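The following questions and answers are intended for a reader who meets this structure for the first time. Please keep the sequence and the model in view while reading.

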Amino acid sequence: MDCLEGMKQLEDNSIDLILTDPPYNIGKDFENEDLPKEEYLIWCEKWINECIRVLDVGGAFYITLGWQCVAEIKVIFNKFQDIRLKNWIIWYRQDGWKGDNGFAHSHEHILYFIKDGVPIFDLIDFGKHIKEKRLEAGYKTISVLMEKMGCYKKVKRSNGTEDYFSGAGWFESGKKQPSVSELIRLKELLDLDKKYQVESYFKKKEIDPKKFNVFFNKTDVCDDVWLTPKSEHKRLGHPTQKPEALFRRIIKVSSNEGNLVLDPFMGSGTTAFACKSLKRNFIGFEINKKFTDIIYKRMAQEVLI
Ligand SMILES: C[S@@+](CC[C@H](N)C(=O)[O-])C[C@H]1O[C@@H](n2cnc3c(N)ncnc32)[C@H](O)[C@@H]1O
């Protein structure tokens, strides 16, 4: 089914996580892969708009892209106010193809957004306010507060080494816009002024605070350059099949068991299969019958992990 048709049937704010690998418009053998660039970007804006509508407040949206159009697609996202780029991840696939006598193209981009509508503060005032409230609450240093917030912990870098992740000092420096999840944690620990509370969260008490993706599991890979996994070698008959390990990582860090995940461009069903093994619920669309046959066969398999 065409995802634009399919997503029309979904309610606003009904999806916890979107993970998708759309056509990159580089001439592969499937729909929407060989359009004039303008037409391709207009089409992208339509489905991005639908994705943002159906994504719940606090939910994450990951999109894989090639170097050919990533910049233009990022510019489309700039038009939407309630979505914010959290990381621009480089996935080093390690099997680059060398065209045009240049360097081998061996990486892809993963844009990671969250829908959180963070208010924009005067950061200098915000920093002063946090310092005052921190001292009032008895946290002698910003590091103690950050540790309490869970912002100081051991993490693994993608080259295998371990390091401490720490954001100590960010808030009081007047240089960093807090994320919605940081505001929620700060509010739990300090008596924050009303203007620093997050309406999108506090007006909708039923929202799961775990969705606000800062305190997600950083202990797998904390960097935004991913050296693993390599490209998928166990092919199922789709020309651009993504490695299951790549999608499992994303699903694990940005959703919980029982959450609802959407992939509008299923291909061979990598997102769906990863969701099945991680006990997430799933909705997806795929326009091409040849690939839906692969998906049904794949989903009938037992998960091994
Ligand atoms: C890059 S592939 C996804 C590959 C997938 N991640 C995997 O691991 O197999 C994009 C898929 O989107 C499908 N597609 C293209 N236009 C579509 C549309 N309007 N609605 C739904 N699916 C579409 C294509 O048929 C293709 O299978």
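Predicted model: local features only at pLDDT ≥ 70, side-chain atom pairs only at ≥ 80, totals over all residues.

Q: In what order do the strands of the open sheet lie?
A: The open sheet is formed by 7 strands, and its pairing is mixed. Strand 7 (225–226) and strand 9 are the edge strands, since each pairs on one side only. The order is 7-3-4-2-1-8-9.

Q: Which residue is the bridge partner of isoleucine 90 in strand 7?
A: Strand 7 pairs with strand 3 in the parallel sense, over 2 bridges. Within strand 7, the partner of isoleucine 90 is valine 225.

Q: Which handedness, right or left, has the β-α-β unit made by strand 1, helix 2 and strand 2?
A: Strand 1 and strand 2 pair in the parallel sense over 5 bridges. In strand 2, leucine 55 is the bridge partner of isoleucine 15. Together with helix 2, these strands make a β-α-β unit that is right-handed.

Q: Through which helix does the chain cross from strand 8 to strand 9?
A: Strand 8 and strand 9 (residues 281–284) run parallel and are joined by 4 bridges, with leucine 260 opposite asparagine 281 in strand 9. The β-α-β crossover between strand 8 and strand 9 is right-handed, and the helix through which the chain passes is helix 9 (residues 270–277).

Q: What is the bridge partner of leucine 17 in strand 8?
A: Strand 1 (residues 15–20) runs parallel to strand 8 (residues 260–263), and 2 bridges join them. In strand 8, the partner of leucine 17 is valine 261.

Q: How many residues of strand 2 are buried?
A: Strand 2 (55–65) is one of the elements against which the buried residues of helix 8 pack. Strand 2 is mostly covered, and the number of its residues that are buried is 11 of 11.

Q: Which residues of helix 8 are buried?
A: Helix 8 spans residues 244–254. Its buried residues pack against strand 1, strand 2, strand 3, strand 8 and helix 9. The buried residues are Leu246, Phe247, Arg248, Ile250, Ile251 and Ser254.

Q: Which residues of the largest nonpolar core touch the most other members?
A: The largest nonpolar core has 42 residues. Apart from it lies another core of 8 residues, including Ile130, Leu183, Leu186 and Val198. In the largest core, the residues that touch the most other members are Ile18, Leu19, Phe61, Tyr62 and Ile251.

Q: Why is aspartate 82 partly exposed?
A: Aspartate 82 lies in the loop between helix 3 (70–77) and strand 3 (83–97), and beyond four places away in sequence it touches Ile52, Lys115 and Gly117. A residue is buried at 20 or more other C-beta atoms within 10 Å and exposed at 12 or fewer. Aspartate 82 is partly exposed because its number of other C-beta atoms within 10 Å is 15.

Q: Is lysine 279 buried or exposed?
A: Lysine 279 is found in the loop between helix 9 and strand 9, and its phi is near 60 degrees, a positive value in a residue other than glycine. It has 11 other C-beta atoms within 10 Å, so lysine 279 is exposed.

Q: Which residue does a cis peptide bond join to threonine 228?
A: The omega of this cis bond is about -5 degrees.

Note on methods:
Residues numbered from 1 in each chain as written. Pairing = 2+ DSSP bridges. Right-handed = clockwise from strand over helix to strand, strands pointing away. Core = buried A, V, L, I, M, F, W, Y, C linked by C-beta atoms within 7 Å. Contact = placed C-beta atoms within 7 Å.
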